[in-house]
Amino acid sequence: MRRTVLALLLICALCSQALVAQVGLGDRAGALTLIRAGRLVDVRAGRVLEDQGILIEGERIKAVGPYADISRTVTNIRRIDLSRATVLPGFSDCHTHVLLQGDVTSADYDEQLLKESIPFRTIRATVAARTALMNGFTALRDLETEGAMYADVDVKRAIERGIIPGPRMFVSTRAFSATGMYPLLGYSWELRMPEGVQIVDGADEIRRAVREQVKYGADWIKFYADRRYFLKDGALRSWVNFTDEEMRAFVLESHRLGRRVAAHAMGHDGIDAALRAGVDSIEHGYGLDEELIDRMVKQGTYWCPTIYVGIYVAEGRARAGAPIWLTMRDMEAKIFGTAVRRGVKIAFGTDAGGFAWTENAAKEFGYMVRYGMTPMQAIQSATVVAAELLEKPDDMGAIEAGKFADIVAVTGDPLRDVTELERVRFVMKGGEVMRNELGR
Ligand SMILES: [Zn+2]
């Protein structure tokens, strides 16, 4: 009997070791690694340095400098040769939904909420998290579970414990909207349908619900500021979901609990109301105009433009009877350059999950450049700027001593052709190599 128990324990130990090895975590505390970077993108200074060494101890970067200098100080350590590659900090996607698998039309959305259990959706979310990491995204701000309750907290925990591979997760759990302002909508009143968000009405209820989400693990609070978009006198207008008092309650209560607030805001009215309430980031913002842009600059509000998803869903939603999506797509293309020139803090965010996870979210870079950023600005939006938005400027966003060793590499020159970032060949997260088609 005792021998059987011992044998079982041994098997368990072997299994868990195999898991750790497979995920590539947990075995490098204190170990030294030296990466030789042929070209290193210094995102803070906005320049590229040649033949650099990155010395890594455990999960963090210990030193960065000319390879010859760094190499001389160490002997007998693991070396990774990326001398023929361009090396960058890992990217952060500041607007994703790992629990969603693309929803061009409302039928696609309803199908996922009605026919897929939360456990099934969570299994798919683990694949989405892995996909993001392998594409070079070492951090995600996941902006709500779309009816899957707190499953994002579980995905985050599984990644942190090394059970599955995935990016560093900053999660917002269920998100909020008001009665009648979020799917599932349009069903018989006799049916009790699942909600895509947590429905709240009134400042008291909002304060209680924010406390509840924080209690269950929300790093961020997200609410939907508007819905029902329409054109009037050339401007994108919208119905605002909450009163000023309610929006203010979201922001004050979240900030009191040390959480930042993201507001989905598409039309002028929604963005205007969210800015009056003092939110930290505007999501989508397709109806931004010069006046709103100036207020964002003054208030220090971040913008997550999510360009690619707008392009991905526009045609399908127009065919399904909502041509406004084509207009919104074109409006954003026009206003983006103005926001860049005026100095809005633009954080890279794609809404991945709003489009299928089989599409590489790095396509967003190409659109940012097409709409008015330099390739370096687009890279900065996904690195240094994103790290500030996520309140992790000392841990993430650049290849510098003290920060996590979250590092990616590509073979070409992304500063000449930014679509090169869609072809990431090397990914390291916290000192662990997660993907390597380049170095030895
Ligand atoms: Zn979204």
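Q: Where is the kink in helix H10 centred?
A: In this predicted model, helix H10, residues 307-319, has a kink of about 40° centred on Val313.

Q: Is H10 enclosed or open, and why?
A: Helix H10 is largely enclosed by the rest of the structure, because 10 of its 13 residues are buried. Among the buried residues are Ile307, Tyr308, Val313 and Arg317.

Q: What do those buried residues pack against?
A: The buried residues of H10 pack against helix H11, residues 324-342, and against H12.

Q: And what follows H10?
A: Gly321 follows the helix, and its phi is positive, near 105°.

Q: You mentioned H12. Where does Glu364 sit, and is it buried or exposed?
A: Glu364 is placed in helix H12. Glu364 is buried and has no salt bridge. The nearest side chain of opposite charge is that of Lys363, 11 Å away.

Q: What does Glu364 touch, then?
A: Leaving aside residues up to four places away in sequence, Glu364 touches Pro305, Thr306, Ile307, Tyr308, Phe348, Gly349 and Thr350. Of these, Ile307 and Tyr308 are among the buried residues of H10.

Q: New topic: which residues coordinate the zinc ion?
A: His95 and His97, each through NE2, and Asp351, through OD, coordinate the zinc ion at 2.0 to 2.2 Å. Along the chain, these donors follow the spacing H-x1-H-x253-D. The pair His97 and Asp351 links distant parts of the chain, 254 residues apart. His97 is in the loop between strand S5 and helix H3, whereas Asp351 is in the loop between strand S16 and helix H12.

Q: Are His97 and Asp351 buried or exposed?
A: Both His97 and Asp351 are buried.

Q: How many residues does the largest nonpolar core have?
A: The largest nonpolar core has 118 residues, and Phe223 and Trp303 have the most contacts inside it. Helix H11 gives the most to this core, with eight residues. There is also a second, separate core of 16 residues, including Ile35, Ile80, Leu82 and Phe426.

Q: What about Leu34: where does it lie?
A: Leu34 lies in strand S1, residues 32-42. Leu34 counts as buried because its relative accessibility is 1%, and the cut-off for buried is under 20%. Not counting residues up to four places away in sequence, the residues that Leu34 touches include Ile54, Leu55, Tyr67, Val74 and Ile80.

Q: How far is Leu34 from Glu57?
A: Leu34 and Glu57 are 23 residues apart in sequence, and their C-alpha atoms are 8.9 Å apart in space.

Q: Which side chain meets Glu57 in a salt bridge?
A: The side chain of Lys62 does, at 3.4 Å from N to O. Lys62 is partly exposed, with a relative accessible area of 45%, and Glu57 is partly exposed at 36%.

Q: How many salt bridges are there in the whole structure?
A: A search of the whole structure finds 33 salt bridges. One of them joins Arg207 and Asp204, at 2.8 Å from N to O. These two residues are three apart in helix H6, so they are separated by about one helical turn. Arg207 is partly exposed at 29% relative accessibility, whereas Asp204 is exposed at 59%.

Q: Which residues are linked in a network of salt bridges?
A: Asp244, Asp272, Arg276, Glu291 and Arg295 are linked in such a network. Elsewhere, Asp330 forms a salt bridge with Arg329, with the closest N and O atoms 3.1 Å apart. Asp330 counts as partly exposed, at 39% relative accessibility.

Technical notes:
Residues numbered from 1 in each chain as written. Predicted model: local features only at pLDDT ≥ 70, side-chain atom pairs only at ≥ 80, totals over all residues. Heavy atoms only, no water. Donors = N, O, S within 2.8 Å, 3.2 Å for Na, K, Ca; no water. Helix = DSSP H or I, 4+ residues; strand = E, 2+ residues; numbered from the N terminus. Buried < 20%, exposed > 50% of the residue type's maximum accessible area, 1.4 Å probe, protein only. Lys, Arg positive; Asp, Glu negative; His and termini not counted. Salt bridge = Lys/Arg side-chain N within 4 Å of Asp/Glu carboxyl O. Contact = heavy atoms within 4.5 Å. Bend = angle between axes of the 7 residues up to and from the residue. Core = buried A, V, L, I, M, F, W, Y, C linked by side-chain atoms within 4.5 Å.
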